Amino acid sequence: MTPDATSALALLAVDPTGLGGVVLRGDATALARVVAPLRAHLAQPHRYRRIPAGIEADRLTGGLDLAATLTRGQPVAEPGVLALADEGAVVVPMAERLSVDAIGALVAALDTGEIRVERDGISARHPARIGVVLLDEAEPDEASVARALTDRVACHVAVQPSQGDAVVTWPTPAVLTAARARLPDVTLDAESAHALLAVADAFGVASVRADRFARRVACASAALAGRDAVSGDDLALAGALVLAPRATRLPALDDEAIPPPPPPPSDHEQDDSTKSGEPDGPLADRLVDATRAAIPPELLASLTGAGQRGAGRRGADGALATRGRRIGTRRGAPVRGARLDLLATIRAAVPWQRLRQGDAPRVGLAVRPDDFRIQRRVRPATTTTIVLVDASGSTALHRLNEAKGAVETLLAESYVRRDEVAMVTIGGAGAVIALPPTRALARAKRALQGLRGGGGTPLAAGLACVAALAASVRRGGGTPVVVVLSDGKANLARDGRGDRATAHAEAGAMARRLASDDLAALWLDIGPRPAPVARELATAMGARYLPLPFADARRIAGAAMAAREGGRDGR
């Protein structure tokens, strides 16, 4: 079998509880097409469940059956989604957005094979022996699936967009049934087990689960191929699916790792070494080479120091708010804009009714302050376009008028997208935040009307102001996108001195700092003619360079919105 998403899912269909699950990373459309055949190939297709990322913990673990409880007058338990998927599979789209409570429920099921419910007057245990398919649809600059989950599933696979369109061949139902029956009898000898340990050590994989998963994958692969013993191909597949994605270092190159040749062993020593199955033998060497070849390109680049993108923040990690996507409930009073969750409040109050009402006739529902449950919500991450306008020199009035029109166009588009726009101007002795991040069009127009230009070009001060504003946006959970409107001809240093050489050097240093912050950026050269200095600064900043000697508001806004879309896509 080749180490791709279909082979990982086929192995999961053979041994769902032993492998724990699969992490598939890629485009949502390709992931959906790859996962679609899984249900039909499970041993019990009716135990297949697909859950949304925003599912509440009560739906996963089970809880109080409110209708039956109100009818019978006593707590009645109902199983959750994980219990209904016992001996089946659970598919989680957008798994990177799972709430903390949902992550905890999945971790408990993967660790113990059951779900315990101890709340709302209920004490119950439900078997939940499941395989989990986590679909990681995060952009490159967003956080991925929680480590607590990825460490508990065997296979990690990056799905290319073309794989979703490819015609894939699954093993037939008869082959899968035979593989499941053969799996308990598949053997893995000591030499193969030692070889997997050697590969894990060579790539810095310290997880004990990873070694166990690699052995389970090798055995499942052998069973699927109709073998009663694990072969070298099965071990290579285990290294590619389990160990390669977990690598934290690269082994030494062959010419560096080869020690001086030992003296030839005697016949007796040679027999002993052959029987011992040392992991330094040819099998371990072949597995190291195969595993290294299977390391994902982006992980290989980070291990070799070729570049590593910083992880951003996803919307689910933002601060709780009274508006936004609902992520659950918590105990609390419905004050200061908090929304009461009526059903959760009833569930909390029902188990105590007999104690509270005693032998009195039942009239209504006795609710106490401790029963109140309010909705937990989180605001989604927004994109903030920070526009830096060079408002200096003799053409400042023209530039400002075009910039004002561009910002107004961006704001109109942002109102639909629920994104924000900010504006920083440079001119005179320093930089000014002319428009803090906002999506309010009327407020922006009032702020823009009073802008005036002229004076020198303190470009370094403007870029420093943009960097600070972008950092503030990121701390708030947003994604900043930078758009610079300037000819790049800095002539004022940050201390106010009119020194062109110093001003240019400081601007270059600030541009490189913005590049290290890994921001999506666009540099619009609005000088009368394209200036080499502007292109140099744009390159240093890692920004797309676009000369607009005859800029107008619509062209500027169009280029800025294209850069913003690039920021969403991780550039």
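A residue is called buried here when its relative accessible area is under 20%, exposed when over 50%, and partly exposed in between (1.4 Å probe, protein chains only). This is a predicted model, in which local features need pLDDT of at least 70 and side-chain atom pairs count only at pLDDT 80 or more, while totals for chains, interfaces and linings use all residues. Residues are numbered from 1 along each chain as its sequence is written, and side-chain values use heavy atoms, with hydrogens and water left out.

**View 1. The whole chain, for orientation.** The protein chain holds 26 helices and 18 strands; these are DSSP runs numbered from the N terminus, with helices (H or I) needing at least four residues and strands (E) at least two. Of its 571 residues, 48% count as buried. Take the contacts (heavy atoms within 4.5 Å) between residues at least 6 apart in sequence: 77% of them join residues at least 24 apart.

**View 2. Arg246, buried without a salt bridge.** Look for Arg246 in the loop between helix H14 (232-243) and helix H15 (254-257). Lys and Arg count as positive and Asp and Glu as negative, with His and the chain ends not counted. A salt bridge needs a side-chain nitrogen of Lys or Arg within 4 Å of a carboxyl oxygen of Asp or Glu. For Arg246, the nearest side chain of opposite charge is Asp151, 4.5 Å away. Beyond its neighbours within four places in sequence, Arg246 touches Thr150, Asp151, Val153, Ala154, His156, Val205, Ala210 and Phe213.

**View 3. Asp151 and its partner Arg209.** Asp151 does have a salt bridge, with Arg209, and the closest N and O atoms are 2.7 Å apart. Arg209 sits in helix H13 and Asp151 in the loop between H9 and E9, so the pair ties together parts that are 58 residues apart in sequence. Asp151 counts as buried because its relative accessibility is 15%, whereas Arg209, at 26%, is partly exposed.

**View 4. Arg152 and Asp111, another salt bridge.** Here the closest N and O atoms are 2.8 Å apart. The two residues come from distant parts of the chain, 41 residues apart: Asp111 belongs to helix H8 (residues 100-112), and Arg152 to the loop between helix H9 (147-150) and E9. Arg152 is buried, at 16% relative accessible area, while Asp111 is partly exposed at 42%.

**View 5. Asp234 and Arg227, joined by a salt bridge.** This one comes in at 2.5 Å, N to O. A search of the whole structure turns up 12 salt bridges.

**View 6. Helix H12 and what covers it.** H12 (residues 190-202) has 13 residues and should span 18 Å at 1.5 Å a residue, which agrees with its end C-alpha atoms being 18 Å apart; the expected span is 1.5 Å times one less than the number of residues. Its buried residues include Ser192, Leu196 and Val199. Their cover includes helix H13 (208-224), H14 and helix H17 (282-293). Just past H12, Gly204 takes a positive phi of about 70 degrees.

**View 7. Strand E1 with E8 and E9.** Strands pair if DSSP finds at least two bridges between them. E1 (residues 21-26) runs parallel to E8 (residues 131-136), with 5 bridges joining them, and Gly21 stands opposite Val132. E1 also runs parallel to E9 (residues 155-159), again with 5 bridges; there, Arg25 has Ala158 as its bridge partner.
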